[in-house]
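The following explanation is intended for a reader who meets this structure for the first time. Please keep the sequence and the three-dimensional view at hand while reading.

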Amino acid sequence: MEQKKIIQWYPGHMAKARRQMEENLKKVDFVIEIRDARIPQASKNPMLSELIGQKPRLILLSKKDKADPVYTKKWISYLESQGNKVLALDLIKDNYKNQLIQASKEICSSFIEKQKRRGIKPRALRAMVCGIPNVGKSTFINSLAKRKAAQTADRPGVTKSLQWIKLASDLELLDTPGVLWPKFEDTDTGYKLALLGSIKDEIVTMDELALYACQWLMEHKKEAIENTYGISILSTPYETLCEIANKRGYISKGTIDENRLMHSFVREIRDNKLGAITWEII
Ligand SMILES: Nc1nc2c(ncn2[C@@H]2O[C@H](COP(=O)(O)OP(=O)(O)OP(=O)(O)O)[C@@H](O)[C@H]2O)c(=O)[nH]1
Ligand SMILES: [Mg+2]
């Protein structure tokens, strides 16, 4: 395997996204931070804590259906032990509106109490959704809004009015999610983000991803490979992948069709053909 490289990717609109996020944050009582349940640490938004300051935060672990349930439990306990309110969800299939309203009231309880003490009728709580690319922000908003929430046009000179989605008399969501980028603290984080789709495929090659994923699975979950492909792992990721190619018949003109092999291995991981896997062991 070639030398691991550090993945560097800082899109130009990051500063703009941050500014927008700061503006929107002023208008909400709390933040719903979506992370991918398969990589709860790597899919974290490093700037968020600094940006939200003292505002309460609800961590939503998305794609629960694609993560290993044993590790999802462990991650929830860990994040809760750090003082967070956490929900793990399948954002597509679960019906989570009531759970969400309940959790929102819990994390904003002191604010609600304060208003009551002052004799003010508590107004609807306001939240904004944020997270790194591809974690499920739009899926979440659209499913709660029961419609395709309006996408704000990115045209210069147009003042965008904020749109709110009323979920109940006591909870409103800002319909534009905040996107911030993950921090590639180390090479592993970058590979995991790319493997699960939060970094564009052009940044890392399929060969790199397949080799990385195969090595990780050989170290942490070899049965996923062995059971899925009906092979025994070999001593290196490349040899193991070649074994898969032979088994699958990814052969072209007498040699292994590496392109097909690497692409299909990564696609099958993304499609959960190797089972529900959490790529961060806790
Ligand atoms: N299986 C599964 N897929 C999900 C879940 N949530 C979202 N997805 C899928 O993940 C992909 C990304 O979802 P989006 O809602 O577009 O993510 P996003 O955070 O809005 O992404 P950006 O707009 O690129 O920042 C889509 O293909 C969704 O269908 C989930 O809980 N389970
Ligand atoms: Mg989106």
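The model is a predicted one. The protein contains 11 helices and nine strands. It has 282 residues, of which 48% count as buried.

Helix α4 spans residues 97-107, and its buried residues are L100, I101, A103, S104 and I107. Viewed down the axis of α4, these buried residues fall within an arc of 165°, so they line one face of the helix.

Burial is also found in a loop. N45 lies in the loop between β1 (30-36) and α2 (48-52). Is N45 buried or exposed? With a relative accessible area of 2%, N45 is buried, because the limit for that class is under 20%. When neighbours within four places in sequence are left aside, the residues in contact with N45 are E33, G131, I132, L180 and W181.

The ligand comes next. Ligand 1 is surrounded by 14 residues, and the closest are D65, L91, K137, S138 and T139. At N134 the backbone takes part, with an N or O atom lying 3.0 Å from an oxygen atom of the ligand. Taken alone, ligand 1 exposes 660 Å², and the protein buries 69% of that area.

E172 belongs to strand β6, which covers residues 171-174. Its relative accessible area is 13%, so E172 is buried. Not counting residues up to four places away in sequence, E172 touches A124, L125, R126, A127, W164, I165, K166 and L167. The side chain of E172 makes a polar contact with the side chain of R126 at 3.0 Å. Another polar contact joins the side chains of E172 and K166 at 3.4 Å. E172 and K166 also form a salt bridge, with their closest N and O atoms 3.4 Å apart.

In one of them, the side chains of K85 and E106 meet at 3.0 Å, N to O. This pair links distant parts of the chain, since K85 is in strand β3 (residues 85-88) and E106 is in helix α4, 21 residues apart. K85 has a relative accessibility of 22% and counts as partly exposed; E106, at 42%, is also partly exposed. Helix α4 thus carries E106 along with the buried residues L100, I101, A103, S104 and I107.

A salt bridge may also lie within a single helix. E226 and K222 form such a bridge, the closest N and O atoms being 3.6 Å apart. The two residues are four residues apart in helix α9 (residues 222-229), and therefore about one helical turn separates them. K222 counts as partly exposed at 38% relative accessibility. Elsewhere, R18, E22 and E50 are linked in a network of salt bridges.

The backbone provides the last topic. Most residues other than glycine have a negative phi. K253 has a positive phi, near 50°. K253 is located in the loop between β8 (251-252) and β9 (255-256), and its relative accessible area of 83% makes it exposed. N272 has a positive phi as well, near 60°. The place of N272 is in the segment after α11 (258-270).

Key. Residues are numbered from 1 along each chain as its sequence is written. Chains are lettered from A and ligands numbered from 1 in the order in which they are written. This is a predicted model: local features need pLDDT of at least 70, side-chain atom pairs count only at pLDDT 80 or more; totals for chains, interfaces and linings use all residues. Side-chain values use heavy atoms; hydrogens and water are left out. Buried means under 20% relative accessible area, exposed over 50%, partly exposed in between (1.4 Å probe, protein chains only). Contact means heavy atoms within 4.5 Å. The arc is that of the directions from the helix axis to the C-beta atoms. A residue is near a molecule or strand if one of its heavy atoms lies within 4 Å of it. A polar contact is a pair of N or O atoms within 3.5 Å; within protein, one must be able to donate a hydrogen and the other to accept it, and residues adjacent in sequence count only if both atoms are side-chain atoms. Accessible areas come from the Shrake-Rupley method with a 1.4 Å probe; for residues, only the protein chains shown count as cover. A salt bridge is a side-chain nitrogen of Lys or Arg within 4 Å of a carboxyl oxygen of Asp or Glu.
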